[in-house]
Amino acid sequence: MEASKVVPGSTRRRRRVGLDAETVAKAAVELVDAEGVEALTMTHLARRLGVTQPALYAHVDNLAAVQRAVGLYGMRQMSEELRTAVLGRSGDSALRALAEAYRDYVRRHPHRYTLQQRAPRTEEYHEVGERAAEAVRAVLRSFGLPEAEVPAAHQFFRAAISGFVALDVDGSADAGFEYFLENFAEMLRRRAK
């Protein structure tokens, strides 16, 4: 986690020894994982860290900055898990591994995922997201999909997986998920060069 992305950079603020932006961000991730997005308040975070709110503000600008840090942390972690899942795979095997890794990540970290979705679309957001996008595009290319069609297929995949993640909340996604994977892979094969 990059501390410089959370700290506003002012040197006039008095900083508590042993507390830094990275420590604050890690505590926020733990709080969100344990208690949910709504539990992430500056009061609750300061209490969790054993400091006062003014001491916390010496390291972060505001709640939005903390939420952004949690979202970006989640995106980085998810990107690496997706990349690892498809390493050395191609075609149907890679597609299934990618889709399952995505759903598994969201099932394990639903609150981080919520903050990932809410994160402002900054340059940093796009840089972090690009690592996951590279993995998705590599899987699509492994089917022999023409390069000109990769962006549309990527968007299709992302929209579908996001939908299944939403359906997972009530446990109704499994049959449709299998149907999607089978038919999406077939479509990619048909459209191959």
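**View 1. Salt bridge between Arg 137 and Glu 130.** Arg 137 and Glu 130 are joined by a salt bridge in which the closest N and O atoms are 2.2 Å apart. The model shown here and in the other views is predicted. Arg 137 counts as buried, at 18% relative accessibility. The structure holds 17 salt bridges.

**View 2. The protein chain as a whole.** The secondary structure of the protein chain consists of nine helices and zero strands. Along the sequence this gives the pattern α-α-α-α-α-α-α-α-α. Of the 193 residues in the protein chain, 42% are buried. Among contacts in the protein chain with a separation of 6 or more, 68% are made by residues 24 or more positions apart. The protein chain exposes about 10300 Å², and carbon and sulfur atoms supply 51% of that area.

**View 3. The annotated span, residues 41-60.** An unreviewed UniProt entry places the feature "DNA-binding region" at residues 41-60. In the model, this span is 65% helix and 0% strand. The C-alpha atoms at the ends of residues 41-60 lie 13 Å apart.

**View 4. Salt bridge between Glu 35 and Arg 48.** The side chains of Glu 35 and Arg 48 form a salt bridge, with an N to O distance of 3.7 Å. Glu 35 belongs to helix α1 (residues 21-35) and Arg 48 to helix α2 (residues 42-49), so the pair ties together parts that are 13 residues apart in sequence. Glu 35 is partly exposed, with a relative accessible area of 43%. Arg 48 also counts as partly exposed, at 36% relative accessibility.

**View 5. Salt bridge between Asp 168 and Arg 107.** In this view the side chains of Asp 168 and Arg 107 meet in a salt bridge, 3.3 Å from N to O. Asp 168 lies in helix α8 (residues 150-168), while Arg 107 lies in helix α5 (residues 91-108), so the pair ties together parts that are 61 residues apart in sequence. With a relative accessibility of 18%, Asp 168 is under the 20% limit and therefore counts as buried. Arg 107 is partly exposed, with a relative accessible area of 47%.

**View 6. Salt-bridge network of Glu 81, Asp 104 and Arg 108.** A network of salt bridges links Glu 81, Asp 104 and Arg 108. Helix α5 spans residues 91-108.

**View 7. Aromatic pair of Tyr 102 and Tyr 113.** The structure holds eight aromatic pairs. One of them is formed by Tyr 102 and Tyr 113, whose rings are 6.0 Å apart centre to centre, with 80° between the planes. This pair is edge-to-face, because the angle is over 60 degrees. Tyr 102 is part of helix α5 and Tyr 113 of helix α6 (residues 110-118), so the pair ties together parts that are eleven residues apart in sequence. Both Tyr 102 and Tyr 113 are buried.

**View 8. Aromatic pair of Phe 157 and Phe 180.** The ring centres of Phe 157 and Phe 180 are 6.4 Å apart and their planes are at 35°, so the pair is tilted. Phe 157 sits in helix α8 and Phe 180 in helix α9 (residues 174-190), so the pair ties together parts that are 23 residues apart in sequence. Phe 157 is buried, with a relative accessible area of 3%. Phe 180 is likewise buried, at 9% relative accessibility.

View 9. Phe 156, Phe 157, Phe 164, Phe 177, Phe 180 and Phe 184 are linked into a cluster by ring pairs. Phe 177 also takes part in a contact of another kind: the charged end of Arg 103 sits over its ring, 4.0 Å from the ring centre.

**View 10. Gln 155 and Val 136.** Gln 155 is found in helix α8. This residue is exposed, with a relative accessible area of 60%. Gln 155 and Val 136 are 19 residues apart in sequence, and their C-alpha atoms are 9.9 Å apart in space.

How values were computed
Residues numbered from 1 in each chain as written. Predicted model: local features only at pLDDT ≥ 70, side-chain atom pairs only at ≥ 80, totals over all residues. Heavy atoms only, no water. UniProt positions renumbered as here; feature names shortened; annotations may be inferred. Helix = DSSP H or I, 4+ residues; strand = E, 2+ residues; numbered from the N terminus. Salt bridge = Lys/Arg side-chain N within 4 Å of Asp/Glu carboxyl O. Buried < 20%, exposed > 50% of the residue type's maximum accessible area, 1.4 Å probe, protein only. Phe/Tyr/Trp six-rings, centres within 6.5 Å; stacked < 30°, edge-to-face > 60°. Lys NZ or Arg CZ within 6 Å of the ring centre and 35° of its normal. Contact = heavy atoms within 4.5 Å. Areas by Shrake-Rupley, 256 points an atom, 1.4 Å probe, with all protein chains shown as cover.
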